[in-house]
Amino acid sequence: MIDTVEPRPFEFPSFHQIFMHQALELAEQAAREKEVPVGAIIVHENKVIAAAYNQRETLHDPTAHAEMIAITQAAESLQNWRLENCTLYVTLEPCPMCAGAIVQARIPTVVFGAVDPKAGAVTSLYSLLSDTRLNHRCEVVPGVLSQQCGAVLTEFFRARRAEGKK
């Protein structure tokens, strides 16, 4: 008797994965520029209206996180500080500063890759985006391509530690 194996259907990447791959490309660009590899994009009506990566070292600006730069770009693109009907994709769970900006910008949906146990303000340390005491809450989709997003960060910091030992 011959064993037969059912062919597995081809798995198409989810809508969120497609956009997270774009954010990952930005994170990799940040790593090449010796910036902490975090990438962010903002999508409005299925179109990318903002794309950024961390630039704290380059700009000498502690607020130059990928999310902050992307929010500024998106507001400029829409000519409106209210980023309603937008989705933010970011490779790392937003910190308290970025989560605050997300709330202020009224972004309804946030999709992130890797959790940040040291500074995460969405699910790890705080839950700012779902805090009922605030005037705005977001739908949160955590863990999209989390392994790939985490691997970029892990490799970056491994390389930085190796450089420091030379």
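**View 1. The UniProt active-site position, Glu-67, in a predicted model.** UniProt (unreviewed entry) puts its "active site" feature at Glu-67; such annotations may be inferred rather than shown by experiment, and their positions follow the numbering used here, with feature names shortened. The model is predicted, so local features need pLDDT of at least 70 and side-chain atom pairs pLDDT 80 or more, while totals for chains, interfaces and linings use all residues. Residues are numbered from 1 along each chain as its sequence is written, and side-chain values use heavy atoms, without hydrogens or water. Glu-67 sits in helix 3 (residues 66-78); helices are DSSP runs (H or I, at least four residues) and strands likewise (E, at least two), numbered from the N terminus. With a relative accessible area of 3%, Glu-67 is buried (buried is under 20%, exposed over 50%, partly exposed in between; 1.4 Å probe, protein chains only). Leaving out residues up to four places away in sequence, Glu-67 touches, among others, Val-38, Cys-95 and Cys-98 (contact means heavy atoms within 4.5 Å).

**View 2. Gln-55, in a loop.** Gln-55 falls between strand 2 (47-53) and helix 2 (56-59) and is buried at 19%. Beyond neighbours within four places in sequence, its contacts are Glu-35, His-60, Ala-64 and Ile-69.

**View 3. Lys-34 meets Glu-163.** These two form a salt bridge, closest N and O atoms 3.5 Å apart (a Lys or Arg side-chain nitrogen within 4 Å of an Asp or Glu carboxyl oxygen). Lys-34 is in the loop between helix 1 (15-32) and strand 1 (39-44) and Glu-163 is in helix 5 (residues 146-165), so the pair ties together parts 129 residues apart in sequence.
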